[in-house]
Amino acid sequence: MKGPQSRSPDRAGELEEAMKSEGDLGGAARALLDRDEVEGVLSGAFYTSTEAPRVRAKARTSGAASEPGAAPAPERPQHYKVICISMYTEDLERLDEMVSSLKARGMTKANRSALIRHALSQVDLDKIPKGI
């Protein structure tokens, strides 16, 4: 891959001239980046081949058939689900402090999820305040 040292003096001059134009950032980027180099990096890192179509999230979650010729989605565990919840930052800080304390006591596998599951097992619904 080409580095800054391999740029020709003419190319360096183009870059300098493009950067002088304060409002033309696109020109500076074009002068700095070699098109073939950028396309090579992007094609290897970000673009997938047309032979392996991506499975759409809707098809995966709804159980609908995926695109013709696509490999079936891998089996997902049925004993748990990944969820998203909102929590106050103070509560998260307290939760993280508790996890850190458990880890300091030698419970190396302690994490937020495990601590919340344990807390759920201890809840007495009759003791929950009405204004929750």
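How do the residues of the lining of the largest pocket divide into nonpolar, polar and charged? I would like to begin there this morning, keeping in mind that what we are looking at is a predicted model. The lining divides into 10 nonpolar residues, one polar residue and three charged residues.

Let me stay with this pocket for a moment. Rolling a probe the size of a water molecule over the atoms shows where empty space is left. The largest pocket found here has a volume of about 390 Å³, and it is lined by 14 residues, of which K81, I83, I85, S113 and I116 lie nearest its centre. If you look at the helices around it, helix 5, residues 89-104, and helix 6, residues 112-122, each supply at least two residues of the lining, and helix 6 gives the most, with five residues.

Now let us turn to helix 5 itself. The buried residues of helix 5 are L95, V99 and L102. These three cover an arc of only 60 degrees around the axis, which means that they sit on the same side of helix 5. An α-helix has 3.6 residues a turn, so residues three or four places apart point the same way. On the other side of helix 5, T89, E90, R94, E97 and A104 are exposed, while the cover over the buried residues includes helix 6.

Finally, please find the residue G106, which follows helix 5 and has a positive phi, near 100 degrees.

Methods
Residues are numbered from 1 along each chain as its sequence is written. This is a predicted model: local features need pLDDT of at least 70, side-chain atom pairs count only at pLDDT 80 or more; totals for chains, interfaces and linings use all residues. Side-chain values use heavy atoms; hydrogens and water are left out. On a 1 Å grid over the protein atoms alone, a cavity is a set of points where a 1.4 Å probe fits but cannot get out, and a pocket is an open set with protein on both sides within 12 Å along at least five of seven lines; lining residues have an atom within 4 Å of a point. Grid points are joined across faces, edges and corners, and a volume is the space filled by probe spheres set on the points. Helices (H or I, at least four residues) and strands (E, at least two) are DSSP runs, numbered from the N terminus. Ala, Val, Leu, Ile, Met, Phe, Trp, Tyr, Cys and Pro count as nonpolar, Asp, Glu, Lys and Arg as charged, and the others, Gly among them, as polar. Buried means under 20% relative accessible area, exposed over 50%, partly exposed in between (1.4 Å probe, protein chains only). The arc is that of the directions from the helix axis to the C-beta atoms. Contact means heavy atoms within 4.5 Å.
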